[in-house]
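Have a look at the model first, then read on.

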Amino acid sequence: MTPPQPQESDRPPEHPRPHGATRPGGRTARTRAAVLAAAWDELDTQDLASLTIERIAQRSGVHAATIRRRWRTVEGVISDLLSRSGGTIPVPDTGSLRQDLHALARSLADFYAQQRNQRLIEAVVTAATRDPGADEVLQTVLGGRVRHVASLVDRAAERGEVAPDTDGFEVIAALGAPFYYRLLMLRRPVDANLARTAAETAYLAAAEGVFRTGAGADEEPESG
């Protein structure tokens, strides 16, 4: 038989742990899952300004003191939620860079048409301005996702659609920027027209060599 494991409430951690840091499996994992699920459900009806540890505790069934001990703040919960949310938008592979970028933009528009997803990105960006740990999570997670999606630009370079030294990260960042400006600055919903113009602008810029960064990008063309 497996010996009984000490309950987390029986002893405080010897050293402070990062937001939501846990040992895999058991009570700790169940607690983390319950708290993050509760925070996600709360974002369906609440923005970050209205979200509190007490609301998360009530919905999750986890004591507020436990949440504060592990995550410290609402921002800590939100940053952990982002780190666990995983890749939600697939990488298109149509065989055409233009079509891939348009498909990606439509997926982004569909994703941010859901209010809860809007509130998550708003909450994460707000949390990052208040909490260095949340800022690190934001940069790591979103940066990783952009690099992953940038593989579609690498494929386009292999097909000869763009120059080999095209910076795929910057292409995808340029496509995504109008969405976040619309959501976070203008505070307006995204729509199909935004998806179309963001994708086409990124494609045309990439095709014209705007995002070239490697050797030969600044060379003058040979005179005929």
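A residue counts as buried here when its relative accessible area is under 20%, and as exposed when that is over 50%, with partly exposed in between. Keep in mind that this is a predicted model.

**Helix 8**
- Helix 8 spans residues 151-159, and its buried residues are Leu-152, Val-153 and Ala-156.
- These three sit on the same side of helix 8, because the arc they cover around the axis is only 100°.
- What do the buried residues of helix 8 pack against? Their partners are helix 5 (97-112), helix 7 (132-149) and helix 9.

**Leu-194 in helix 10**
- Helix 10 runs over residues 192-207 and contains Leu-194.
- Leu-194 has a relative accessible area of 7%, so it falls under the 20% cut-off and is buried.
- If you skip neighbours within four places in sequence, Leu-194 touches Pro-178, Phe-179 and Arg-182.
- Ala-105 is 89 residues away from Leu-194 in sequence, yet their C-alpha atoms are 8.4 Å apart.

- Leu-186 belongs to helix 9, which covers residues 168-186.
- Is Leu-186 buried or partly exposed? It is partly exposed, because its relative accessibility is 38%.
- Together with Tyr-181 and Met-185, Leu-186 makes a nonpolar surface patch of about 330 Å².

Terms used:
Residues numbered from 1 in each chain as written. Predicted model: local features only at pLDDT ≥ 70, side-chain atom pairs only at ≥ 80, totals over all residues. Heavy atoms only, no water. Patch = residues over 30% accessible without salt bridge, like charges linked within 9 Å, V, L, I, M, F, W, Y side chains within 5 Å. Areas by Shrake-Rupley, 256 points an atom, 1.4 Å probe, with all protein chains shown as cover. Salt bridge = Lys/Arg side-chain N within 4 Å of Asp/Glu carboxyl O. Helix = DSSP H or I, 4+ residues; strand = E, 2+ residues; numbered from the N terminus. Buried < 20%, exposed > 50% of the residue type's maximum accessible area, 1.4 Å probe, protein only. Arc of directions from axis to C-beta. Contact = heavy atoms within 4.5 Å.
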